[in-house]
Amino acid sequence: MRFGVLSTADIGVESVIPGIVASEHEVGAIASRDASRAESVADRHDIPETYGSYEALLDDETLDAVYIPLPNGLHAEWIRKAADAGLHVLCEKTLTASAGETAAVFDYCAERDVTLMEGFMYRFHPLTERAAELVESELGEVRNVTSTFTFRLPDGAEDIRIDPDLAGGSVMDVGCYAVSAARLFLGTPERAYGVTNDERDCGVETEMTGVLEYEDGATARLQSGFETPLTQYYRVETTDGWLRAEPTFDIGVENSTQLTYSVDGEETTESFDATDHYRLEVEHFADSVESGEEPRVDRDESVDIMRIIDALYESSDDGQPITLN
Ligand SMILES: NC(=O)c1ccc[n+]([C@@H]2O[C@H](COP(=O)([O-])OP(=O)(O)OC[C@H]3O[C@@H](n4cnc5c(N)ncnc54)[C@H](OP(=O)(O)O)[C@@H]3O)[C@@H](O)[C@H]2O)c1
(Lines give C-alpha, C1' and ligand atoms only; values in the text may rest on other atoms or scores of the structure.)
Protein backbone atom coordinates (compact mmCIF):
# COMPACT_ATOMS: atom_id res chain seq x y z
CA MET A 1 0.00 0.00 0.00
CA ARG A 2 1.28 3.44 -0.92
CA PHE A 3 0.62 6.14 1.68
CA GLY A 4 0.51 9.90 1.42
CA VAL A 5 1.18 11.80 4.65
CA LEU A 6 -0.69 15.00 5.44
CA SER A 7 1.72 17.30 7.30
CA THR A 8 5.14 17.17 8.89
CA ALA A 9 3.70 16.46 12.37
CA ASP A 10 6.16 15.09 14.92
CA ILE A 11 4.27 11.84 15.39
CA GLY A 12 4.43 11.15 11.66
CA VAL A 13 8.07 12.11 11.21
CA GLU A 14 9.36 10.36 14.34
CA SER A 15 7.11 7.30 14.60
CA VAL A 16 4.52 6.48 11.94
CA ILE A 17 6.56 7.17 8.78
CA PRO A 18 9.35 4.93 10.18
CA GLY A 19 6.62 2.37 10.97
CA ILE A 20 5.40 2.44 7.35
CA VAL A 21 8.98 2.23 6.07
CA ALA A 22 9.65 -0.78 8.32
CA SER A 23 6.57 -2.54 6.94
CA GLU A 24 6.08 -3.92 3.45
CA HIS A 25 4.22 -0.71 2.58
CA GLU A 26 5.64 2.64 1.50
CA VAL A 27 5.30 6.39 1.82
CA GLY A 28 4.80 7.75 -1.70
CA ALA A 29 4.35 11.43 -0.84
CA ILE A 30 4.25 13.97 1.96
CA ALA A 31 2.53 17.38 2.04
CA SER A 32 3.05 20.40 4.23
CA ARG A 33 1.63 23.91 4.34
CA ASP A 34 5.28 24.83 3.74
CA ALA A 35 6.85 22.95 0.80
CA SER A 36 10.36 23.25 2.25
CA ARG A 37 9.29 21.39 5.41
CA ALA A 38 7.86 18.59 3.29
CA GLU A 39 11.13 18.45 1.31
CA SER A 40 13.24 18.22 4.42
CA VAL A 41 11.17 15.30 5.81
CA ALA A 42 11.21 13.66 2.37
CA ASP A 43 15.04 13.87 2.32
CA ARG A 44 15.24 12.32 5.77
CA HIS A 45 12.90 9.43 5.00
CA ASP A 46 13.56 8.98 1.31
CA ILE A 47 10.03 9.92 0.24
CA PRO A 48 9.82 10.36 -3.55
CA GLU A 49 7.19 13.15 -3.85
CA THR A 50 6.45 16.34 -1.91
CA TYR A 51 3.59 18.84 -2.05
CA GLY A 52 3.19 22.36 -0.69
CA SER A 53 -0.49 21.81 0.12
CA TYR A 54 -2.60 18.95 1.43
CA GLU A 55 -5.03 19.35 -1.50
CA ALA A 56 -2.26 18.74 -4.03
CA LEU A 57 -1.30 15.45 -2.34
CA LEU A 58 -4.88 14.21 -2.53
CA ASP A 59 -4.69 14.58 -6.34
CA ASP A 60 -1.72 12.19 -6.51
CA GLU A 61 -3.15 9.19 -8.33
CA THR A 62 -0.30 6.89 -7.32
CA LEU A 63 -1.52 6.81 -3.70
CA ASP A 64 -3.81 4.22 -2.09
CA ALA A 65 -4.22 5.75 1.36
CA VAL A 66 -3.43 8.73 3.54
CA TYR A 67 -2.09 8.92 7.06
CA ILE A 68 -3.48 12.02 8.81
CA PRO A 69 -1.52 13.35 11.80
CA LEU A 70 -3.03 16.85 11.74
CA PRO A 71 -4.27 18.60 14.90
CA ASN A 72 -7.46 16.92 16.17
CA GLY A 73 -9.70 19.82 15.13
CA LEU A 74 -8.71 19.36 11.47
CA HIS A 75 -9.14 15.58 11.22
CA ALA A 76 -12.81 15.50 10.14
CA GLU A 77 -12.31 17.96 7.28
CA TRP A 78 -9.33 16.06 5.85
CA ILE A 79 -10.85 12.62 6.36
CA ARG A 80 -13.75 13.76 4.17
CA LYS A 81 -11.46 15.28 1.54
CA ALA A 82 -9.33 12.13 1.42
CA ALA A 83 -12.44 9.95 1.10
CA ASP A 84 -13.66 12.18 -1.76
CA ALA A 85 -10.35 11.41 -3.47
CA GLY A 86 -10.99 7.68 -3.04
CA LEU A 87 -8.17 7.23 -0.51
CA HIS A 88 -8.32 4.94 2.52
CA VAL A 89 -7.64 6.80 5.76
CA LEU A 90 -5.51 6.03 8.80
CA CYS A 91 -6.08 9.04 11.08
CA GLU A 92 -4.56 9.91 14.42
CA LYS A 93 -6.53 9.92 17.64
CA THR A 94 -8.81 11.51 18.52
CA LEU A 95 -10.57 10.95 15.26
CA THR A 96 -12.78 14.04 15.56
CA ALA A 97 -13.96 16.37 18.31
CA SER A 98 -17.37 14.76 19.04
CA ALA A 99 -19.16 11.41 18.85
CA GLY A 100 -21.64 12.77 16.29
CA GLU A 101 -18.82 13.89 14.01
CA THR A 102 -16.99 10.59 14.45
CA ALA A 103 -20.08 8.64 13.39
CA ALA A 104 -20.55 11.05 10.48
CA VAL A 105 -17.03 10.59 9.10
CA PHE A 106 -17.38 6.80 9.29
CA ASP A 107 -20.66 7.05 7.35
CA TYR A 108 -19.00 9.39 4.86
CA CYS A 109 -16.12 6.95 4.25
CA ALA A 110 -18.44 3.94 4.03
CA GLU A 111 -20.52 5.71 1.37
CA ARG A 112 -17.34 6.20 -0.67
CA ASP A 113 -16.16 2.65 -0.03
CA VAL A 114 -12.94 3.62 1.73
CA THR A 115 -11.65 2.22 5.03
CA LEU A 116 -11.20 4.55 8.00
CA MET A 117 -9.26 3.63 11.14
CA GLU A 118 -8.28 5.66 14.20
CA GLY A 119 -4.61 5.38 15.13
CA PHE A 120 -4.67 3.92 18.64
CA MET A 121 -1.30 2.21 18.21
CA TYR A 122 -1.22 0.71 21.72
CA ARG A 123 -4.09 -1.63 20.73
CA PHE A 124 -1.61 -3.44 18.44
CA HIS A 125 1.18 -3.89 20.99
CA PRO A 126 1.55 -7.50 22.21
CA LEU A 127 1.33 -6.13 25.77
CA THR A 128 -2.25 -5.01 25.37
CA GLU A 129 -3.19 -8.03 23.24
CA ARG A 130 -1.96 -10.24 26.10
CA ALA A 131 -3.64 -8.13 28.79
CA ALA A 132 -6.99 -8.40 26.97
CA GLU A 133 -6.52 -12.16 26.59
CA LEU A 134 -5.68 -12.63 30.30
CA VAL A 135 -8.62 -10.54 31.45
CA GLU A 136 -10.92 -12.45 29.12
CA SER A 137 -9.69 -15.94 30.02
CA GLU A 138 -8.14 -16.05 33.47
CA LEU A 139 -9.00 -13.18 35.75
CA GLY A 140 -12.72 -13.48 36.35
CA GLU A 141 -15.21 -10.64 36.29
CA VAL A 142 -13.85 -7.10 35.94
CA ARG A 143 -14.94 -4.80 38.79
CA ASN A 144 -12.70 -1.79 38.25
CA VAL A 145 -10.27 -0.31 35.73
CA THR A 146 -7.93 2.47 36.78
CA SER A 147 -6.04 4.19 33.98
CA THR A 148 -3.88 7.28 33.87
CA PHE A 149 -1.99 9.09 31.15
CA THR A 150 -0.33 12.32 32.20
CA PHE A 151 2.81 14.19 31.20
CA ARG A 152 4.22 17.61 31.93
CA LEU A 153 3.75 19.95 28.95
CA PRO A 154 6.42 22.67 29.26
CA ASP A 155 5.20 26.01 30.59
CA GLY A 156 4.64 28.59 27.87
CA ALA A 157 4.60 25.92 25.14
CA GLU A 158 2.88 26.82 21.90
CA ASP A 159 1.22 23.53 21.22
CA ILE A 160 -1.81 22.16 19.39
CA ARG A 161 -2.66 20.39 22.69
CA ILE A 162 -3.64 23.63 24.43
CA ASP A 163 -5.34 25.29 21.46
CA PRO A 164 -9.15 25.36 21.78
CA ASP A 165 -9.53 26.04 18.04
CA LEU A 166 -7.72 22.78 17.23
CA ALA A 167 -9.68 20.60 19.70
CA GLY A 168 -6.90 20.53 22.29
CA GLY A 169 -7.23 19.38 25.89
CA SER A 170 -5.69 16.63 28.00
CA VAL A 171 -8.63 14.28 27.47
CA MET A 172 -8.40 14.68 23.70
CA ASP A 173 -4.64 14.20 23.74
CA VAL A 174 -3.93 11.51 26.34
CA GLY A 175 -7.11 10.89 28.34
CA CYS A 176 -8.53 9.22 25.23
CA TYR A 177 -6.10 6.33 25.88
CA ALA A 178 -7.40 5.89 29.43
CA VAL A 179 -10.98 5.98 28.09
CA SER A 180 -10.01 3.45 25.42
CA ALA A 181 -8.51 1.11 28.05
CA ALA A 182 -11.65 1.34 30.20
CA ARG A 183 -13.78 0.46 27.19
CA LEU A 184 -11.46 -2.39 26.21
CA PHE A 185 -11.76 -4.09 29.60
CA LEU A 186 -15.25 -3.04 30.68
CA GLY A 187 -17.21 -1.95 27.61
CA THR A 188 -19.54 1.03 27.37
CA PRO A 189 -20.52 2.66 30.67
CA GLU A 190 -23.98 3.75 31.79
CA ARG A 191 -22.82 7.02 33.30
CA ALA A 192 -19.79 9.29 33.26
CA TYR A 193 -18.70 11.87 35.80
CA GLY A 194 -15.85 14.22 34.93
CA VAL A 195 -13.97 16.98 36.71
CA THR A 196 -11.67 19.18 34.63
CA ASN A 197 -9.39 22.10 35.28
CA ASP A 198 -7.87 24.65 32.90
CA GLU A 199 -4.73 25.21 34.97
CA ARG A 200 -3.09 27.36 32.26
CA ASP A 201 -6.14 29.49 31.49
CA CYS A 202 -5.68 28.47 27.86
CA GLY A 203 -9.30 27.73 26.95
CA VAL A 204 -9.08 23.92 27.22
CA GLU A 205 -8.80 21.65 30.23
CA THR A 206 -5.28 20.63 31.14
CA GLU A 207 -6.29 18.14 33.86
CA MET A 208 -9.17 15.66 34.07
CA THR A 209 -10.35 13.09 36.58
CA GLY A 210 -13.22 10.87 35.52
CA VAL A 211 -15.38 8.09 36.93
CA LEU A 212 -17.36 5.73 34.71
CA GLU A 213 -20.20 3.62 36.13
CA TYR A 214 -21.34 0.35 34.54
CA GLU A 215 -24.68 -1.41 34.61
CA ASP A 216 -23.38 -4.20 36.88
CA GLY A 217 -21.88 -1.78 39.38
CA ALA A 218 -18.33 -1.96 38.01
CA THR A 219 -16.42 1.33 37.73
CA ALA A 220 -13.49 2.93 35.96
CA ARG A 221 -11.33 5.74 37.32
CA LEU A 222 -9.52 7.80 34.73
CA GLN A 223 -6.99 10.57 34.81
CA SER A 224 -5.26 12.72 32.21
CA GLY A 225 -3.26 15.90 32.34
CA PHE A 226 -0.43 18.13 31.22
CA GLU A 227 0.61 19.26 34.71
CA THR A 228 2.32 16.24 36.28
CA PRO A 229 5.23 14.03 35.12
CA LEU A 230 4.84 11.16 32.69
CA THR A 231 2.66 8.38 34.07
CA GLN A 232 0.91 5.85 31.84
CA TYR A 233 -0.67 2.63 32.98
CA TYR A 234 -3.84 0.62 33.34
CA ARG A 235 -4.75 -1.60 36.25
CA VAL A 236 -7.67 -4.02 36.09
CA GLU A 237 -9.23 -5.34 39.33
CA THR A 238 -11.25 -8.53 38.98
CA THR A 239 -13.09 -11.01 41.17
CA ASP A 240 -10.13 -13.42 40.98
CA GLY A 241 -7.18 -11.05 40.91
CA TRP A 242 -5.71 -8.04 39.16
CA LEU A 243 -3.49 -7.01 36.24
CA ARG A 244 -1.28 -3.98 35.85
CA ALA A 245 0.68 -2.82 32.77
CA GLU A 246 3.17 0.05 32.77
CA PRO A 247 4.26 1.76 30.58
CA THR A 248 1.38 0.90 28.36
CA PHE A 249 0.33 3.49 25.81
CA ASP A 250 3.26 5.51 24.41
CA ILE A 251 5.79 2.78 25.11
CA GLY A 252 8.45 3.90 22.64
CA VAL A 253 9.54 1.52 19.92
CA GLU A 254 12.91 0.90 21.56
CA ASN A 255 11.57 0.22 25.04
CA SER A 256 10.59 -3.06 26.60
CA THR A 257 7.63 -3.16 28.95
CA GLN A 258 5.90 -5.56 31.28
CA LEU A 259 2.66 -6.59 32.83
CA THR A 260 2.09 -8.19 36.18
CA TYR A 261 -1.01 -10.10 37.09
CA SER A 262 -2.31 -12.07 40.00
CA VAL A 263 -4.80 -14.94 39.87
CA ASP A 264 -6.00 -16.41 43.17
CA GLY A 265 -3.08 -14.82 44.97
CA GLU A 266 -0.37 -16.09 42.61
CA GLU A 267 1.58 -13.26 40.99
CA THR A 268 3.20 -13.47 37.53
CA THR A 269 5.22 -10.89 35.59
CA GLU A 270 5.58 -11.08 31.82
CA SER A 271 8.09 -8.96 29.91
CA PHE A 272 7.68 -7.71 26.36
CA ASP A 273 10.60 -6.87 24.09
CA ALA A 274 10.76 -3.56 22.28
CA THR A 275 8.12 -3.57 19.53
CA ASP A 276 7.21 -1.10 16.81
CA HIS A 277 3.49 -0.87 17.44
CA TYR A 278 3.21 1.83 14.77
CA ARG A 279 4.36 -0.72 12.20
CA LEU A 280 1.86 -3.22 13.57
CA GLU A 281 -0.89 -0.59 13.37
CA VAL A 282 0.00 0.21 9.74
CA GLU A 283 0.12 -3.48 8.79
CA HIS A 284 -3.25 -4.15 10.43
CA PHE A 285 -4.79 -1.16 8.66
CA ALA A 286 -3.46 -2.29 5.26
CA ASP A 287 -4.62 -5.88 5.89
CA SER A 288 -8.10 -4.58 6.75
CA VAL A 289 -8.24 -2.59 3.53
CA GLU A 290 -7.15 -5.61 1.53
CA SER A 291 -9.50 -8.09 3.21
CA GLY A 292 -12.44 -5.71 3.52
CA GLU A 293 -12.78 -6.75 7.19
CA GLU A 294 -13.45 -4.21 9.93
CA PRO A 295 -10.21 -3.01 11.57
CA ARG A 296 -9.64 -4.00 15.21
CA VAL A 297 -10.14 -0.36 16.19
CA ASP A 298 -13.49 -0.11 14.45
CA ARG A 299 -16.34 2.35 14.08
CA ASP A 300 -18.08 1.23 17.29
CA GLU A 301 -14.89 1.61 19.32
CA SER A 302 -14.06 5.08 17.97
CA VAL A 303 -17.64 6.34 18.38
CA ASP A 304 -17.93 4.87 21.90
CA ILE A 305 -14.66 6.42 23.03
CA MET A 306 -15.83 9.79 21.78
CA ARG A 307 -19.25 9.37 23.45
CA ILE A 308 -17.48 8.83 26.75
CA ILE A 309 -15.23 11.85 26.17
CA ASP A 310 -18.25 14.00 25.27
CA ALA A 311 -19.97 12.83 28.47
CA LEU A 312 -16.90 13.57 30.64
CA TYR A 313 -16.79 17.11 29.26
CA GLU A 314 -20.55 17.62 29.59
CA SER A 315 -20.45 16.33 33.15
CA SER A 316 -17.62 18.68 34.02
CA ASP A 317 -19.62 21.61 32.61
CA ASP A 318 -22.86 20.58 34.39
CA GLY A 319 -21.33 19.37 37.66
CA GLN A 320 -23.29 16.13 37.58
CA PRO A 321 -23.03 12.62 36.08
CA ILE A 322 -24.15 12.19 32.48
CA THR A 323 -26.09 9.13 31.36
CA LEU A 324 -24.86 7.76 28.05
CA ASN A 325 -27.67 6.77 25.74
N1 LIG B 1 -0.43 7.87 18.27
C2 LIG B 1 0.49 8.56 18.91
O3 LIG B 1 1.42 8.00 19.49
C4 LIG B 1 0.42 10.07 18.92
C5 LIG B 1 1.43 10.81 19.54
C6 LIG B 1 1.40 12.19 19.45
C7 LIG B 1 0.36 12.82 18.78
N8 LIG B 1 -0.64 12.08 18.22
C9 LIG B 1 -1.73 12.72 17.48
O10 LIG B 1 -1.17 13.13 16.23
C11 LIG B 1 -1.69 14.38 15.81
C12 LIG B 1 -0.53 15.35 15.64
O13 LIG B 1 0.17 15.49 16.85
P14 LIG B 1 1.69 16.05 16.88
O15 LIG B 1 2.07 16.26 18.27
O16 LIG B 1 2.55 15.21 16.03
O17 LIG B 1 1.45 17.46 16.20
P18 LIG B 1 2.47 18.56 15.66
O19 LIG B 1 3.87 18.07 15.73
O20 LIG B 1 2.13 19.85 16.33
O21 LIG B 1 2.09 18.62 14.13
C22 LIG B 1 0.86 18.99 13.64
C23 LIG B 1 1.06 19.33 12.17
O24 LIG B 1 -0.18 19.71 11.64
C25 LIG B 1 0.04 20.67 10.62
N26 LIG B 1 -0.91 21.77 10.83
C27 LIG B 1 -1.90 22.14 9.96
N28 LIG B 1 -2.60 23.16 10.45
C29 LIG B 1 -2.04 23.48 11.64
C30 LIG B 1 -2.32 24.49 12.61
N31 LIG B 1 -3.32 25.37 12.45
N32 LIG B 1 -1.55 24.54 13.71
C33 LIG B 1 -0.55 23.64 13.90
N34 LIG B 1 -0.23 22.67 13.01
C35 LIG B 1 -0.98 22.59 11.89
C36 LIG B 1 1.48 21.12 10.69
O37 LIG B 1 2.17 20.51 9.60
P38 LIG B 1 2.65 21.31 8.30
O39 LIG B 1 3.10 22.66 8.78
O40 LIG B 1 3.74 20.47 7.78
O41 LIG B 1 1.49 21.40 7.36
C42 LIG B 1 2.01 20.49 11.96
O43 LIG B 1 3.34 20.06 11.83
C44 LIG B 1 -2.73 14.75 16.86
O45 LIG B 1 -3.98 14.30 16.44
C46 LIG B 1 -2.29 13.97 18.10
O47 LIG B 1 -3.39 13.67 18.96
C48 LIG B 1 -0.61 10.71 18.27
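Tutor: Gladly! Keep in mind that this is a predicted model. Let's begin with the ligand: a backbone N or O atom of Ile 11 lies 2.9 Å from one of the ligand's oxygen atoms.

Student: How far is an oxygen atom of the ligand from an N or O atom in the side chain of Arg 37?

Tutor: Arg 37 is among the closest of the 25 residues that surround the ligand. Here the contact involves a side chain, and a polar contact needs a pair of N or O atoms within 3.5 Å. For Arg 37, the distance to a ligand oxygen is 2.6 Å.

Student: Let's turn to the cysteines. How many disulfides are there?

Tutor: A disulfide calls for two cysteine sulfur atoms within 2.5 Å. The sulfur of Cys 91 has its closest cysteine sulfur in Cys 109, 9.4 Å away, so the two are too far apart for a bond. Cys 109 is likewise in no disulfide. The count is 0.

Student: Is Cys 109 buried or exposed?

Tutor: The cut-off for buried is under 20% relative accessible area. Cys 91 falls below it with 0%. Cys 109 has a relative accessible area of 1%, so this residue is buried.

Student: Which residue in β2 is the bridge partner of Arg 2?

Tutor: Start with the strands: β1 (residues 2-6) pairs with β2 in the parallel sense, over 5 bridges. Strand β2 spans residues 26-31 and is mostly covered, with 5 of its 6 residues buried. The β2 partner of Arg 2 is Glu 26.

Student: How far apart in space are Gly 194 and Thr 269?

Tutor: Gly 194 sits in strand β8 (residues 191-197), and at 3% relative accessibility it counts as buried. In sequence, Gly 194 and Thr 269 are 75 residues apart. From C-alpha to C-alpha, their separation in space is 33 Å.

Student: Last one: how far apart are the end C-alpha atoms of residues 131-244?

Tutor: An unreviewed UniProt entry annotates this stretch as "domain: GFO/IDH/MocA-like oxidoreductase". In the model, residues 131-244 are 21% helix and 37% strand.

How values were computed. Residues are numbered from 1 along each chain as its sequence is written. This is a predicted model: local features need pLDDT of at least 70, side-chain atom pairs count only at pLDDT 80 or more; totals for chains, interfaces and linings use all residues. Side-chain values use heavy atoms; hydrogens and water are left out. UniProt positions are given in the numbering used here, feature names are shortened, and annotations may be inferred rather than shown by experiment. Helices (H or I, at least four residues) and strands (E, at least two) are DSSP runs, numbered from the N terminus. Buried means under 20% relative accessible area, exposed over 50%, partly exposed in between (1.4 Å probe, protein chains only). A residue is near a molecule or strand if one of its heavy atoms lies within 4 Å of it. A polar contact is a pair of N or O atoms within 3.5 Å; within protein, one must be able to donate a hydrogen and the other to accept it, and residues adjacent in sequence count only if both atoms are side-chain atoms. Two strands pair if DSSP finds at least two bridges between them.
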